[in-house]
Amino acid sequence: FMMACFMLSMASVVTSCSDDDDSSDDHQPVKIEKTTNTALLLCSFGSTYEQPQATYDAVVADFKKAFPDVDVYLSFTSRTILSRVYAQLGKAYAQPDVWLSAFADAGYEKVYVQSLHIIPGEEYVSLINTDVKKNFMIPNPTIKVAKGACLLDSDKDIEAVAAIIYNYYKDRLNSGEVVAL
């Protein structure tokens, strides 16, 4: 019994946090910088690779330029991606529900949620139906919410994107070159 008590007390000493932990918040993914009454949350599945991180930064910059009177934020919907990107690249992101809760706490009056997903798959459906509608809109009925669809949400979207891709590769295709996407 004494040995078990000693081991238990030693385990708590060994696993407890020290006082010299880094107190910086660099690993805190949710940083609200409210400058307007409107927040725009861009939602992507995410990626653990370094190259797409620059693309995400460029997308956020493009949205900030296009919507200067809106506070723009980025979220990843994949829990697996969130933990891996932090472990591999040291960049912290949060899921949409964490951001949405922070928006409510910050007092935003309007919240726009724009999916960056390609197809209306499981992550997109969960984002719209669970994170936005059930967990945010219902508990926060006074906040105005607009939801943007994913890229290929309808047959019309698919045809438009297919035409763009075809036109981009048209010369190669006409010359007999094979293009794989």
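Contact here means heavy atoms within 4.5 Å. In this predicted model, the buried residues of helix H4 (residues 96–106) are covered by elements that include strand E1 (38–44), strand E2 (71–76), strand E3 (110–115) and helix H5 (122–137).

**Helix H4**
- Pro 96, Trp 99, Leu 100, Ala 102 and Phe 103 are the buried residues of H4.
- These residues lie on the same side of H4, because they cover an arc of only 160° around the axis.

**Two aromatic pairs**
- Phe 63 is partly exposed at a relative accessible area of 22%, and Phe 67 is partly exposed at 40%.
- The rings of Trp 99 and Phe 103 have centres 6.0 Å apart and planes at 40°, so this pair is tilted.
- Trp 99 and Phe 103 are 4 residues apart in helix H4, which means about one helical turn separates them.
- In an α-helix, residues three or four places apart point the same way, because there are 3.6 residues a turn.
- Trp 99 is buried at 4% relative accessibility, and Phe 103 is buried with a relative accessible area of 0%.

- Over the ring of Tyr 108 sits the charged end of Lys 34, 5.3 Å from the ring centre.

Technical notes: Residues numbered from 1 in each chain as written. Predicted model: local features only at pLDDT ≥ 70, side-chain atom pairs only at ≥ 80, totals over all residues. Heavy atoms only, no water. Buried < 20%, exposed > 50% of the residue type's maximum accessible area, 1.4 Å probe, protein only. Helix = DSSP H or I, 4+ residues; strand = E, 2+ residues; numbered from the N terminus. Arc of directions from axis to C-beta. Phe/Tyr/Trp six-rings, centres within 6.5 Å; stacked < 30°, edge-to-face > 60°. Lys NZ or Arg CZ within 6 Å of the ring centre and 35° of its normal.
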